[in-house]
Amino acid sequence: MSNNTQKVSLTDIFLTFAKIGLTGFGGGMAIVALVERVCVREKNWVSAEEFMHGLAFGQILGPFSLNICTFTGHHLRGIRGGVIAAIGFILPSFLLVTLLSWIYFTYNKLPQLQAALKGTNPVVIGLIVVVAIDMGRKQIKGSGGLLMALVAFAASVFLKLNAAWILLGAALWSLCFSYFRKRLT
Amino acid sequence: MTSLLTIAWIYIRIGLIFVGGGYVLIPLLNHIMVEQYHWLTLRQFLDGLALSQLTPGPLAMLATFTGFRAGGFPGALVATVCIFMPCVALMLVVGRNYDRLKRIDIISSTLAGLLPAVVGMVAAAAWNLGVSSLTGIKEVLILLVGFALFKWTKISPMVVIMGAGLVGLLLG
């Protein structure tokens, strides 16, 4: 924890993640970008580095959008904080999907909500780009880092590799690097 | 109606093997829901997929939809809780041991070393989303306005996204 000595209340955690879960249209990375803005920048709940570690761990099992919320919540208030953050994040979508499912199975029609996404999608891209720039400025040092970022980008965009594989590869790369550096010095 | 216990068991198992993002889930759920249990027709499954992508939640919200079909509101609740239980539990374990892990030299330097890859992945997400949703000049304009707002103002990102949704509704 960076500089807040005061404990963040569970209500505060719940409300923050519920708000994120209510507005983060655009899928996984949109949520990640939102959590970064709100919990790292605005509230200083986690450091930028810890946040990215959480994101890396979050690739192991399940959706990383949910995982980063659980991780952040746990960081603030332990197990209860993590569970509350996860519930807060999922609840709005759960209620929305339940409502829409009910409409769907009763009337056999999908509500026309896609139009709204036409507006949110581009704006979410803007948010993700800003977050990527900010993260890059802080975390990419030297040409080795830049190369790794570019390879990860290309692997995801052109090879359509899964995020978990990319991170596993990056971890091996970085593991070898630090191993050899240790042996040399 | 399927018993809640059956639903719980099915979704916990899915939650346990659901590795590497949401897209693995599509063929998996399709197989279980449509072919094995006949809870949904293929058409309904695809509609449910579209529907769960309308929400901010992960693709796994498909569990809510299919659970609703299998057992009404209780079914939806049980399915949602069960599919997310394993990954939440795992993240709590990771979080608990995070400080200890970070103190191990080799782990902390590996973690520090892979961060550029995370940055690359975040950028790639923007790219992939851009390819599929920047279809015209209007969208590009919204993107630029959004970028400027996030970069140079302190307006809450939630407000900007909601505003953009309204713009989309009005234009659409």
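This is a predicted model: local features need pLDDT of at least 70, side-chain atom pairs count only at pLDDT 80 or more; totals for chains, interfaces and linings use all residues.
**Helices, loops and the A–B contact**

Me: What is the phi of B:His38 near?
Reply: B:His38 sits in the loop between helix H2 (25–36) and H3 of chain B. Most residues other than glycine have a negative phi. B:His38 is not a glycine, yet its phi is positive, near 55°.

Me: Where in chain A is A:Asn44 found?
Reply: A:Asn44 is another non-glycine residue with a positive phi, about 60°. A:Asn44 is exposed, with 12 other C-beta atoms within 10 Å. Its place is the loop between helix H2 (28–42) and helix H3 (48–57).

Me: How many Å separate the C-alpha atoms of B:Ser156 and B:Trp127?
Reply: B:Ser156 lies in the loop between H6 and H7 of chain B. B:Ser156 is partly exposed, because 15 other C-beta atoms lie within 10 Å. Along the chain, B:Ser156 and B:Trp127 are 29 residues apart. Their C-alpha atoms are separated by 23 Å.

Me: What span does helix H7 (residues 157–171) of chain B reach from its first C-alpha to its last?
Reply: H7(B) has 15 residues. At 1.5 Å a residue, the expected value is 21 Å. The model comes close to that, with a span of 21 Å.

Me: What arc do the buried residues of H7(B) cover around the axis?
Reply: The buried set is B:Pro157, B:Val160, B:Ile161, B:Ala164, B:Gly165, B:Val167 and B:Gly168. They lie on the same side of H7(B), because their arc is only 160°.

Me: Which residues are exposed on the other side of H7(B)?
Reply: One side carries buried residues, including B:Val160 and B:Ala164. The other side holds the exposed ones, B:Val159 and B:Leu170.

Me: At roughly what angle do the axes of H4(A) and H3(B) cross?
Reply: Two packed helices are described by the angle between their axes and the distance between the axes. Here H4 (residues 64–107) of chain A and H3 (residues 42–52) of chain B come within 10 Å. The crossing is right-handed. The angle is roughly 145°.

Me: How many residues of the contact of H4(A) with H3(B) are charged?
Reply: H4(A) brings A:Val97, A:Leu100 and A:Tyr104. H3(B) brings B:Asp47, B:Leu51 and B:Ser52. Four of the contact residues are nonpolar and one is polar; the charged count is one.

Me: Which helix gives the most to the side of chain B that touches chain A?
Reply: The contact takes 77 residues from chain B and 90 from chain A. On chain B, H3, H4 (62–103), H5 (105–133), H6 (137–152) and H7 each supply at least two residues. With 23 residues, the top contributor is H5(B).

Me: How many residues on the side of chain B that touches chain A are nonpolar?
Reply: That side of chain B takes in 77 residues. Of these, 21 are polar and four are charged; the nonpolar count is 52.

Me: What percentage of the residues of chain A count as buried?
Reply: Chain A comes to seven helices and zero strands. Its C-alpha atoms fill a box of roughly 70 × 45 × 25 Å. Residues 24 or more positions apart account for 58% of its contacts with a separation of 6 or more. Of its 185 residues, the buried share is 54%.

Key
Residues are numbered from 1 along each chain as its sequence is written. Chains are lettered from A and ligands numbered from 1 in the order in which they are written. Helices (H or I, at least four residues) and strands (E, at least two) are DSSP runs, numbered from the N terminus. The expected span of a helix is 1.5 Å times one less than its number of residues. A residue is buried if 20 or more other C-beta atoms lie within 10 Å of its own, exposed if 12 or fewer, and partly exposed in between; C-beta atoms are placed from the backbone. The arc is that of the directions from the helix axis to the C-beta atoms. Axes are lines fitted to C-alpha atoms, for helices over the stretch in contact, and angles run from 0 to 180 degrees between N-to-C directions. A crossing is left-handed if the near helix is turned anticlockwise from the far one by less than a right angle, and right-handed if clockwise. Two residues are in contact if their C-beta atoms, placed from the backbone, lie within 7 Å. Ala, Val, Leu, Ile, Met, Phe, Trp, Tyr, Cys and Pro count as nonpolar, Asp, Glu, Lys and Arg as charged, and the others, Gly among them, as polar.
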